[in-house]
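Visitor: Please show the model. After that I will ask what the labels attached to it rest on.

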Amino acid sequence: MNSTSSWATIGMMAQEYIPMLQTILLMLICCAFIPMIYIAMFPSFTYNVLSKYLGSLLWVTSWGIFYVFINFIMTAFMKYRLNSFTDVYGGITMSNIDGVLSLTSRYTTLTGYLLIFTPYLARLVVLGAAN
């Protein structure tokens with residue numbers, strides 16, 4: 001029971017804090033635009049600074065794509081499981097509402113837990129899996 005609640009807590013925290021982290025990082029990258037332009041004016045730094053800036057901007061903005069993919073996949077799995085669960089009992093009734101709530105809670109927690117891997121997946125896309 002204790003490990004189940006720990007996983008649920010981690011999943012719920014990830015659902016809240018990973019998008020907040022993306023917003024904060026995006027704001028910091030946008031605020032770094034003017035100093036980045038000044039540093040890029042030095043001839044030896046131009047390519048390196050611009051490529052790192054654009055790479056970090058692409059990394060943070062690609063998180064949203066993975067949010068959509070993870071949400072779609074988990075919603076499709078949950079729909080399949082809910083349909084198979086409610087078909088056995090003839091739909092959602094008062095007698096099986098606790099089971100339905102438990103099932104949706106587990107999938108919601110798992111979705112939040114998968115959101116933890118979003119920054120890593122975005123890094124794999126931006127840099128390539130070999131790096």
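Guide: Phe-72 lies in helix H4, where a helix is a DSSP run of H or I with at least four residues, numbered from the N terminus. The model is predicted, so local features need pLDDT of at least 70 and side-chain atom pairs pLDDT 80 or more, while totals for chains, interfaces and linings use all residues. Residues are numbered from 1 along each chain as its sequence is written, and side-chain values use heavy atoms, leaving out hydrogens and water.

Visitor: Why is Phe-72 called exposed?

Guide: Its relative accessibility is 59%. Exposed means over 50%, buried under 20%, and partly exposed in between, with a 1.4 Å probe and protein chains only. Phe-72 therefore counts as exposed.

Visitor: Which residues make the nonpolar surface patch?

Guide: Ile-65, Val-68, Phe-69, Phe-72, Ile-73 and Phe-77 make a patch of about 640 Å². The area comes from the Shrake-Rupley method.

Visitor: What makes Gln-22 count as buried?

Guide: Gln-22 is in helix H1, residues 2-31. Its relative accessibility is 14%, and therefore it counts as buried. The side chain of Gln-22 reaches the backbone oxygen of Val-60 at 3.0 Å; the cut-off for a polar contact is 3.5 Å between N or O atoms, one able to donate a hydrogen and the other to accept it. Beyond four places in sequence, Gln-22 is in contact (heavy atoms within 4.5 Å) with Val-60, Thr-61, Trp-63, Gly-64 and Tyr-67.

Visitor: Which members of the largest nonpolar core touch the most other members?

Guide: Ile-18, Trp-63 and Tyr-67, out of 13 residues. A nonpolar core joins buried Ala, Val, Leu, Ile, Met, Phe, Trp, Tyr and Cys residues through side-chain atoms within 4.5 Å. H1, H4 (63-89) and H5 (97-115) each supply at least two residues of this core, and H4 gives the largest share, 6 residues. A second, separate core of 6 residues includes Ile-29, Met-36, Val-49 and Tyr-53.

Visitor: Why is Thr-108 called partly exposed?

Guide: Thr-108, in helix H5, has 30% relative accessibility and so counts as partly exposed. Leaving aside neighbours within four places in sequence, Thr-108 is in contact with Met-12 and Gln-15. Thr-108 and Ser-3 are 105 residues apart in sequence and 16 Å apart in space, C-alpha to C-alpha.

Definitions and conventions
Patch = residues over 30% accessible without salt bridge, like charges linked within 9 Å, V, L, I, M, F, W, Y side chains within 5 Å. Areas by Shrake-Rupley, 256 points an atom, 1.4 Å probe, with all protein chains shown as cover. Salt bridge = Lys/Arg side-chain N within 4 Å of Asp/Glu carboxyl O.
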